[in-house]
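Welcome! Take a moment to look over the structure below before reading on.

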Amino acid sequence: MITYNNLYNNNNMKQIAALGCVKVFEHQQDLSVNPSSAMASYYAAEMNVRRRQVLIELNGNSFTVQAGAMQWIAGAVQMSSGIKGVGDFLGKTLASKVTKETTAKPEYTGKGLVMLEPTYKHILLEDVSEWGSLVLEDGLFLACDSSITQKVVARTTLSSAVAGKEGLFNLCLTGNGVAVLESPIPREELIEFVLQDDELKIDGNMAIAWSNSLKFTVERSSKSLVGSAISGEGLVNVYRGTGKVLMAPTA
């Protein structure tokens with residue numbers, strides 16, 4: 001039996017989000033400072049530049065975590081490589097090359113706690129079932145329920161990737177469970193669009209996640225070249241169909 005002191009009752013670690021077995025804590029201040037760094041640390045906290053940590057409370061279930069992200073484990077928790085044979089290793093190696101993700105993502109199973117390393121990025125908790133299939137921009141994935149299927153999806157056309165300044169391949173999550181994402185933008189600033197047989201046009205690669213059910217193309221902002229020239233907008237990213245898009249309003 002393990003008793004946790006100064007974890008759940010730590011006045012400097014505020015729980016800011018929770019979904020399923022995942023909790024997100026935010027360090028309100030950096031207490032490990034010296035006189036020369038105290039001022040910078042104070043103003044960083046005032047500007048919402050704070051360390052955040054993800055705590056996974058396992059109760060017989062499994063969670064997949066980005067390699068190198070674990071800080072500590074407590075309880076009867078076993079770790080496996082997440083690689084199921086040579087074929088799976090080769091497939092994940094190829095996927096890692098095109099999505100900038102790690103080849104092996106460890107799986108943690110059992111009953112206990114898994115704490116992830118502190119990060120200054122913002123943490124997003126998403127219910128993947130609400131998206132159908134969730135497509136992510138490179139570098140956003142941090143962890144997810146191991147029951148969620150991870151696969152690589154390609155753009156429908158090469159031109160949509162090149163002209164839209166997006167990657168040709170993206171990580172796609174499908175299934176039921178929680179996905180933990182690292183975002184440079186806080187959830188409070190992100191705009192969520194819910195499309196029902198409609199379309200969304202974005203000037204630039206501002207979308208950080210979207211439903212795989214949406215068709216992504218790059219088109220002129222106007223049907224005519226003259227109209228595009230007059231409006232000052234050239235090509236725009238178009239998401240068409242039924243699904244959701246999560247967009248950062250700032251670059």
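**The protein as a whole**

Please keep in mind that this is a predicted model. The protein has 251 residues, and 42% of them count as buried. Its secondary structure is made up of four helices and 15 strands. The accessible surface amounts to about 13200 Å², with 55% of that belonging to carbon and sulfur atoms. How do the contacts run along the sequence? Taking contacts between residues at least 6 apart in sequence, 78% join residues that are at least 24 apart.

**A look at helix H1**

Helix H1 covers residues 38–46, and Ser-41 is part of it. Tyr-42 is found in helix H1 as well.

| Residue | Relative accessible area | Class |
|---|---|---|
| Ser-41 | 16% | buried |
| Tyr-42 | 44% | partly exposed |

Ser-41 counts as buried because its relative accessibility is 16%, and buried means under 20%. Tyr-42, at 44%, is partly exposed, because that class lies between the 20% limit for buried and the 50% limit for exposed.

Which residues does Ser-41 touch, once its neighbours within four places in sequence are set aside? Ser-41 is then in contact with Asp-30 and Val-33.

Tyr-42, for its part, belongs to a nonpolar surface patch. Met-39 and Tyr-43 make up this patch together with Tyr-42, and the patch has an area of about 390 Å².

Key:
Residues are numbered from 1 along each chain as its sequence is written. This is a predicted model: local features need pLDDT of at least 70, side-chain atom pairs count only at pLDDT 80 or more; totals for chains, interfaces and linings use all residues. Side-chain values use heavy atoms; hydrogens and water are left out. Helices (H or I, at least four residues) and strands (E, at least two) are DSSP runs, numbered from the N terminus. Buried means under 20% relative accessible area, exposed over 50%, partly exposed in between (1.4 Å probe, protein chains only). Contact means heavy atoms within 4.5 Å. Patches are made of residues with over 30% relative accessible area and no salt bridge: like charges are joined within 9 Å, nonpolar side chains (Val, Leu, Ile, Met, Phe, Trp, Tyr) within 5 Å. Accessible areas come from the Shrake-Rupley method with a 1.4 Å probe; for residues, only the protein chains shown count as cover. A salt bridge is a side-chain nitrogen of Lys or Arg within 4 Å of a carboxyl oxygen of Asp or Glu.
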